[in-house]
Amino acid sequence: MDIECLDIKGVQSDFLKAIARIKIKDWGIIINDVKLFKKHEKYWATFPTKMYMDNTEKKYLKLVQFDDADKEKEILKSVCDAILRDIQVSNSSYKEFSEEGAIDNFIR
């Protein structure tokens with residue numbers, strides 16, 4: 001699957017590291033607000049969600065969803081790889097994600 005990261009913005013947050021706009025070329029679709037997270041040296045991406053309240057509990061509605069959960073995971077892994085690849089290639093001051101703040105101020 002050919003995925004291009006069109007824009008990316010670093011975020012200063014505990015787990016959220018970046019917000020990206022990606023293009024899935026095979027489908028001719030652009031998805032905004034794709035989020036890149038990191039926890040315990042593991043990265044993952046999520047498609048956009050909308051937060052809502054259910055009584056006093058925060059819940060999130062997926063704005064992009066697939067019938068096949070395994071296919072969704074596969075696509076999100078490819079999206080995550082594309083974002084990480086783009087950050088490494090585009091940021092000339094890139095060192096290691098494990099270094100505090102390496103992505104925090106990256107804006108393309």
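Trp27 comes out as partly exposed, at a relative accessible area of 42% (buried is under 20%, exposed over 50%, partly exposed in between, with a 1.4 Å probe and protein chains only). The model is predicted, so local features need pLDDT of at least 70 and side-chain atom pairs count only at pLDDT 80 or more, while totals for chains, interfaces and linings use all residues. Residues are numbered from 1 along each chain as its sequence is written, and side-chain values use heavy atoms, with hydrogens and water left out.

Trp27 sits in the loop between β2 (16-24) and β3; strands here are DSSP runs of E with at least two residues, numbered from the N terminus. Together with Met1 and Ile29, Trp27 makes up a nonpolar surface patch with about 290 Å² of accessible area. Such a patch takes residues with over 30% relative accessible area and no salt bridge, nonpolar side chains being joined within 5 Å. The areas are Shrake-Rupley values with a 1.4 Å probe, and a salt bridge means a side-chain nitrogen of Lys or Arg within 4 Å of a carboxyl oxygen of Asp or Glu.

Two non-glycine residues turn up with positive phi. Glu41, at about 65°, belongs to the loop between β3 (29-39) and β4 (42-46) and is exposed, with 57% relative accessibility. Asn55, at about 60°, falls in the loop between β5 (49-54) and β6 (57-62) and counts as exposed at 73%.

The strands pair antiparallel over six bridges (pairing requires at least two DSSP bridges), and Thr49 stands across from Lys62 in β6.

Definitions and conventions:
Helices (H or I, at least four residues) and strands (E, at least two) are DSSP runs, numbered from the N terminus. Patches are made of residues with over 30% relative accessible area and no salt bridge: like charges are joined within 9 Å, nonpolar side chains (Val, Leu, Ile, Met, Phe, Trp, Tyr) within 5 Å.
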